[in-house]
Structure formats: structure tokens, C-alpha cells
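Subject: Structure handover

Hello,

Here is the structure for you to look over. My notes come after it.

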Amino acid sequence: TVMLANNTNGIIIGGGGLFLKDTNPNNISGWQWPCSVNELDKIKVPVYYLGIGYNRFRGQDDFEPVFYENINKIVSQAAFFGMRNTGSVRAIQKYLKNELKEKVVFQPCATTILSKLYTIPVIQEEPPFIAVNCAFDRSAMRYGEYKDEKLQAISRVLKKLSKQYKVKYYIHMKSDEEMFPYLDEQNVTYERVYLNMQLDTDDFLRLYASPALVWAMRGHAQLIPFGCGTPTLSIITHDKLQWFLEDIGHIEWGIDILENNFEKELYERSIFMLENQLKIKKEIEIEKEKLWEVTVRNLRSCNLLSHTSHQVSI
């Protein structure tokens, strides 16, 4: 791997929530890229980290000791080290020596600026629909002891909204199907949509550009529709969703699932967003432009921007 790397002009790692200990558990690095300190020393080309996320769940065990040595080596060696939200920046800085902390900067996930990179389809589906995604990996860390209560609340709200809007349930991975019995218990009429590997980029853009509103519990169920300009209400079961909303200055576009008045807030905020789509779309475009400006500035700073127009060569 090192030999292949050194035969290139450089390496780009990202984006995604790669700082997580149990997706690819190992004692080499302690996170998803099992590259040891010794192997890092052998890499002689520049390494750029773009839009990496700190994905440790609420209440999850901390990283193993090997992570501390590895992350300090990575940041010290990196040609650029950008994390996809400022919450991740703060979180990773806690593991770093003081002289390395300022090297970690905010670099939004590329999915948040999709309309700068692709042509987003303009679709006005009738009747309008709400796209919903719920996540079930590490359920105990997401829902605590309130899983049934909160999922029943989600289903009840969808039942009310389904009188006026179609409902489509987006499945990112097999475990997302765990929501089906809760929807069925409330007699919610919904369509199942599988976002699998057979879909191409245009399919994904169409799926997330066409809803009137997206309910997002997964990170990329939040970031992709935002990048497409679609109003999105985040159901927060992981800090990363809250961090993104803080960065764009719209914490009202999210609800923590553990809030006491969760069901009421979910319904009322959904109605508000559905009835104010044009206003919210304009606000999304304003914030997207800011994220684009951050990205262009970062790419220029590390010489990854090929020229000064809105053409990015990565």
C-alpha cells in the first residue's frame, strides 16, 4: 500500500465519519484506516484529509490508547486536515498536542455542496411527499431506554401527516427496516425505497431532490438533501447532526429524540417547514454558498484548487 501511495502525487482521505472505533476495529490505528505510525512514516507524498467526521456515539467507549499516538502522527504529517463540522474539530483537538490543535480546520462534507458539483434535477412530484430515514445501528446509544416510545411517536406523527402528504421510507442499510413494524402498528401508508449500491449518482440526487421534506436520522440522510436544496428536519440521535445544524446556524431544523416534548415538536416543526418551503430553500442556498466559500478557500490553501473559477480538481 505504501509503495502504491508513493507512486502517486498524493493521497486524499475522506469524507465520512471515519473516526469510529468499532466499524473496523483494530489495534493498528484505533480508527477505520488501519495505518500504523511506522507505515505513515514511509508515506512520502502529501496526504490530505477532507471532510472527515468524528463519529463516536453518545455514551460510547473512548478510543484505545493506540489512537492517541496515531492521530497525533497523522495531523503532524498531514498536508491538510479538515473535519466536516466544528464539533468534530473540537472533539479531535482533545486528543492532540497543543502545537497541533490549530492545524485541524473546518472542511464541510462534499455532500453539502452537491449543487456546486452536479446538476440537481428539478422535480415537483405530486402529491408532495415526506422522505423518512431512521437508523438502528447501535440502538442503545441512539435511543437509550426510550426506543419503543420514541419510534411510536415518530409513527404517530407520520400517521397525522400522511392525511395530507405521501410518505416514503428510505432504507440506507438493512437495519433501517426495523422501523417497519412501528409504522405498520399505526397503519401508516408508506412506500419503501431502497438506497442500494445499484443506484447511480443521478438516482441518489433525484431521490433527495424530490421530497417536500426529509426526516433524517443518519448523517448523510441529512447532508445529501441539504446539498440538493431540500428542506430537512434532523431527528438527532448522534451529536454530528446537531453539530452540522450549529455550523449552518439553523438549530431549529433539528429535534433531539430525547426531548420531553419530542412528538409535539416533530409535528409542529414539520408543518412549519412544509408550509414554508420556498423560504427555507432560500436559506439553504445562503448557507450552502458559505460552505462553498470555505471549501474553495481551503482547497486554495493546500494547492488542491486547479484554477480560480468554480471548477475544483480533486
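This is a predicted model: local features need pLDDT of at least 70, side-chain atom pairs count only at pLDDT 80 or more; totals for chains, interfaces and linings use all residues.

Residues are numbered from 1 along each chain as its sequence is written, and side-chain values use heavy atoms, with hydrogens and water left out.

The largest pocket has a volume of about 530 Å³. Its lining has 25 residues, and the closest to the centre are Cys 109, Ala 110, Thr 111, Leu 114 and Leu 117. Strand S3 (47-54), helix H5 (114-117), H9, H10 and helix H13 (277-301) each give two or more residues to that lining. By class it divides into 16 nonpolar, nine polar and no charged.

Terms, for your own checks. On a 1 Å grid over the protein atoms alone, a pocket is an open set of points with protein on both sides within 12 Å along at least five of seven lines; a cavity is a set where a 1.4 Å probe fits but cannot get out; lining residues have an atom within 4 Å of a point. Points are joined across faces, edges and corners, and a volume is the space filled by probe spheres set on them. Ala, Val, Leu, Ile, Met, Phe, Trp, Tyr, Cys and Pro count as nonpolar, Asp, Glu, Lys and Arg as charged, and the others, Gly among them, as polar. Helices (H or I, at least four residues) and strands (E, at least two) are DSSP runs, numbered from the N terminus.

**Cavities**

The structure holds two cavities of 30 Å³ or more.

- H10 (219-228) and H11 (239-248) each give two or more residues, and H10 gives the most, with three. The classes are three nonpolar, four polar and two charged.
- Gln 222, Pro 231, Phe 244 and Trp 253 are among its lining residues. H11 supplies the largest share, three residues. Here the count is seven nonpolar, four polar and no charged.

**Helix H3**

H3 (residues 65-77) has 13 residues and reaches 19 Å from first C-alpha to last, close to the 18 Å expected at 1.5 Å a residue. That expected span is 1.5 Å times one less than the number of residues. Phe 67, Asn 70, Ile 71, Asn 72, Ile 74 and Val 75 are buried (under 20% relative accessible area, 1.4 Å probe, protein chains only; exposed is over 50%, partly exposed in between). Among the elements these buried residues pack against are helix H2 (37-42) and helix H4 (86-93).

Asn 72 counts as buried because its relative accessibility is 11%. A polar atom of its side chain lies 2.9 Å from the backbone nitrogen of Lys 97. Beyond residues up to four places away in sequence, Asn 72 touches Tyr 95, Leu 96, Lys 97 and Leu 100 (contact means heavy atoms within 4.5 Å).

**Ala 212**

Ala 212 is in the loop between helix H9 (201-209) and strand S9 (213-216). Its relative accessibility is 5%, so Ala 212 counts as buried. Leaving aside neighbours within four places in sequence, Ala 212 contacts Pro 128, Phe 129, Pro 231, Leu 274 and Gln 277.

Best wishes

Methods. A polar contact is a pair of N or O atoms within 3.5 Å; within protein, one must be able to donate a hydrogen and the other to accept it, and residues adjacent in sequence count only if both atoms are side-chain atoms.
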